[in-house]
Amino acid sequence: MTLKIGFVLVVVVLMVVGLVFEVARPDMILFSVLTLFLLTGVLTPELALQGFSNEGMLTIALLFIIAGAIRKSGFFDRLISRVLKSDRKPKWNLFKMMVPLSGLSAFVNNTPIVVTFTPIIRKWCEDHQLSPSKFLIPLSYCTILGGMITLMGTSTNLVVHGWLTDREYQGFSLFQLAIVGIPAAIVGLIYIATIGYKLLPNYKALSETFDENAREYLAEMAVEPHYAYLNQSIERAGLRNLQGLFLIEIIRGDERISPVNSTTQIQSGDRLIFTGMVSTIAELQKIKGLRLESDSDLSLDTLESKNSQLVETVVSHQSSLLYSKLKDTQFRGKYDAAVIAVHRNNERIKSKIGDITLKPGDTLLLLAGADFMKRHSQYNDFYVVTPLDTTLVSEQEAKSETRKGWIAVSTLLVMILMVTFQVLSMFKAMALAVIILLVTKVITPEEAKKNVQFNILLLIASALGIGTALDKTGAASWVASGLVQIGQPLGIVALLFIIYILTNIFTETITNSAAAAMMIPIAVSTAEQVDVDPTAFAVIVAIAASAAFITPIGYQTNLIVYGPGRYRFVDYAKIGTPLNLIVMIMAVTIVYFYWVQ
């Protein structure tokens, strides 16, 4: 092993450790490693920047825009709502839900699918007295399985394809992965709807536990006539920076003031609703003129009004709120919403709301004001997982969105046909589709820009650069030689299993795109050393990088449903481990007999 190979491998190992322990955002960690390789001369500027012009990465950017246009149209929302209208057995409804969603995720990025359907499915479960936890993990898993079917189904497929074509290997055709993806999806869906359904937990929704334990979240103080700060602002009264408590609403007769501004004046008879560390309410009881309402009947109905509603959101991977304290984010002014509670790993964080540092996957319980819907849509900071009140949408607007939905879906279908019959390459077809959507005003330039998840593109481009470093320095070949020495005596099947398991471990602990970019040079080098078609090992990497079923952190869609389903970490392992084994055995078997034999 040369010094350069040793340096690259040590840096990559430290990078993986940093990703596992979340020392910073994944895209920043990978970009920092790429920069280090550039500064130390491991990569030339041309090689370091190669990932930023990679065709697969740019195709992913275009697919974000197309997926956003289809999601905005609400076309598939109505389809799934009709599918779920049946009053048949839950398992049958689950299977009927998963089949079309798997098909959809073969052609549309699965993150917006899961974001869109999480509130729909939760509402359906609530109406039919079913636990959302029986349906939300299947929602994530079925879209992951569907993404394995086509080249455009998931970013990992395009990352592997882009790496291959950049090095003049034959990339994937649109439906080449379906040779493995369709059988794996069919068997996987049957498993989820039968054995998996029995293994799924039966947890209550967060809103139900809120009603049952409102006293753990809220405290009510009544303002008496002799209060010293009557007709003065909240800030002047010192109620903005209380130890452990946060004022989220003022009930004044039939009026509800929420979120509460610092300039809002206090009046006699006001009912002040606080959240946070309710155990610290003694601080308020010491203030003359404020009386604790010990027999108050606080509930969801108490908080919600025509101008405010209770909303659950999940902090996204690309959120600007990540690793910041809530008090430093200007949350209330930015979103017209007050944070009632923050849940992480199915447990409420019991500390002062403003001092909580947010992480990906945190579930926020919000009291949202009238402008929340408009304001939150301007950012990609979190996913809304409860249905928002859309009664203000006019009939004319609804018809316009329906028309746009048909245009978006028709455009996508035409582009798929053009790629299938090799009229255009994937990148050219998607670029044309985006132009059509912009010209027909299905989506505006501002919306297109908002739908592009730049942090994911930065992560993918950086991961491709790191993969190039592994390839060009000989580190990938060195690792591959070690794998060949271990696996070749046991046969090609053993090597396929080793590559699958290594890729899958990376994707479960770091990110799927980074796992694919790092493992593809090692996999291809292994294939060449044992004189096997590199496509066989490339398919294994693509499937294994997508098959993230065992942990909530392995795949973005798993993290989205983690909080809303009130799941525990072990729930994913219990349901996902058998599914992962099923997909692995099917993938290795099919690849061996189709590409190796």
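How much space lies in the second largest pocket? The volume is about 780 Å³. Here a pocket is an open set of points on a 1 Å grid over the protein atoms alone, with protein on both sides within 12 Å along at least five of seven lines; a cavity is a set where a 1.4 Å probe fits but cannot get out. Grid points are joined across faces, edges and corners, and the volume is the space filled by probe spheres set on them.

The model is predicted: local features need pLDDT of at least 70, side-chain atom pairs count only at pLDDT 80 or more, and totals for chains, interfaces and linings use all residues. Residues are numbered from 1 along each chain as its sequence is written, and side-chain values use heavy atoms, with hydrogens and water left out.

The second largest pocket has 38 lining residues, each with an atom within 4 Å of a point. His317, Ile510, Thr511, Ile553 and Leu559 lie nearest its centre. By class, the lining holds 16 nonpolar, 17 polar and five charged residues. Ala, Val, Leu, Ile, Met, Phe, Trp, Tyr, Cys and Pro count as nonpolar; Asp, Glu, Lys and Arg count as charged; the others, Gly among them, count as polar. Several helices contribute at least two lining residues each, including α1 (3-20), α7 (110-127) and α20. Helices (H or I, at least four residues) and strands (E, at least two) are DSSP runs, numbered from the N terminus.

Helix α20 covers residues 454-472. Its 19 residues should span 27 Å, and its end C-alpha atoms are 27 Å apart, which agrees. The expected span is 1.5 Å times one less than the number of residues. Of the 19 residues, 16 are buried, meaning under 20% relative accessible area with a 1.4 Å probe and protein chains only (exposed is over 50%, partly exposed in between). Just after α20, Gly474 takes a positive phi of about 90°.

Five strands form an open antiparallel sheet, in the order β8-β7-β9-β6-β10. Its edge strands, β8 (347-348) and β10 (382-384), each pair on one side only. Two strands pair if DSSP finds at least two bridges between them. Strands β6 (309-315) and β9 (363-368) are joined by six bridges. Glu312 has Leu365 in β9 as its bridge partner.

The disulfide count is zero, a disulfide being a pair of cysteine sulfur atoms within 2.5 Å. Cys125 is buried, at 0% relative accessibility. Cys142 is buried, with a relative accessible area of 0%.
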